[in-house]
Each structure stands twice: as C-alpha cells, then as structure tokens.
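Hi,

Here is the structure I promised to pass on, with my notes on what turned up in it below. Have a look at it first, then read on.

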Amino acid sequence: MAEPNGRKRTDIVFLRYDLSSGQAKRYSSMLLGGDEMEGVWHSSVMVFEREYFFDGMAGIETHDPFTTRFGRPEQTEARLALFRPVAR
C-alpha cells in the first residue's frame, strides 16, 4: 500500500509455529508428571514481504511468507508498521 508521502507501509507480523504438531500438548502431561506444555514453539518475523527465522547451524534464514519447513503457523500477530521510501 502506497502512502501519500511517497512511502510504502508494511506490517511487522510475528508468527509462532508448534514444532511438535500438537504432540507436546497431547503427551506432555503423561511424560512430565502432570505438567502440560501447549507446544514446542519456534517463531519468525514477517516484514517487507519476507519471513525471517533462525535455523540452527545455518543461522538467520529468509523465505517467501508461509513457505518454511515449519508448516502453517499456530498464531500470527501483526504488531507494528514500518514505512520505507518507494523507488521512483
């Protein structure tokens, strides 16, 4: 979306993935003596039409949004907006 002042707005979106695909919630109570975990979480940040995340030995990676090996995010939350100049 172009803004009147010649800048492009982009939201900063936080994404949260459950690496256990629901298995942590299902089995944590039995394995942890009654304590329940909702998930095994991994997060990423989406900004300027790219998704950024930490990937072990490779370090910080970037992909097209929603194309990482983590599947679909459990939660997405837009928190901030940035503006950058639009090339003329």
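Let me start with one side chain: D64 is partly exposed, at a relative accessible area of 46% (buried means under 20%, exposed over 50% and partly exposed in between, with a 1.4 Å probe and protein chains only). Before going further, the ground rules. This is a predicted model, so local features need pLDDT of at least 70 and side-chain atom pairs count only at pLDDT 80 or more, while totals for chains, interfaces and linings use all residues. Residues are numbered from 1 along each chain as its sequence is written, and side-chain values use heavy atoms, with hydrogens and water left out.

Back to D64, whose side chain meets that of R50 in a salt bridge of 2.6 Å, N to O (the criterion is a side-chain nitrogen of Lys or Arg within 4 Å of a carboxyl oxygen of Asp or Glu). This pair links distant parts of the chain, with D64 in the loop between β4 and β5 and R50 in strand β3 (residues 50-54), 14 residues apart. R50 is partly exposed too, with a relative accessible area of 27%.

D55 and R69 meet through their side chains at 2.4 Å, N to O. Because D55 sits in the loop between β3 and β4 and R69 in the loop between β4 and β5, the pair ties together parts that are 14 residues apart in sequence. D55 counts as buried, at 19% relative accessibility, whereas R69 is exposed at 63%. The side chains of R79 and E77 also form a salt bridge, at 2.8 Å, N to O; R79 is exposed, with a relative accessible area of 54%, and E77 is partly exposed at 40%.

Now the fold. The protein has one helix and five strands, running β-α-β-β-β-β from the N terminus on (these are DSSP runs numbered from the N terminus: helices are H or I with at least four residues, strands are E with at least two). The five strands form an open antiparallel sheet in the order β4-β3-β2-β1-β5, where two strands pair if DSSP finds at least two bridges between them. Its edge strands, each pairing on one side only, are β4 (60-63) and β5 (75-85).

Strand β1 (residues 7-18) pairs with β5 in the antiparallel sense over 10 bridges, and I12 stands opposite L80 in β5. β1 also pairs with β2, again antiparallel, over six bridges; here V13 has M46 in β2 as its bridge partner.

What about the overall dimensions? The C-alpha trace spans about 60 × 25 × 15 Å along its principal axes. The radius of gyration is 17 Å, while a compact globule of 88 residues would be near 12 Å (taken over C-alpha atoms; the globule rule is 2.2 Å times the number of residues to the power 0.38). Buried residues make up 24% of the 88.

One last item: L32 lies in the loop between α1 (23-31) and β2 (41-47) and is partly exposed, with a relative accessible area of 43%.
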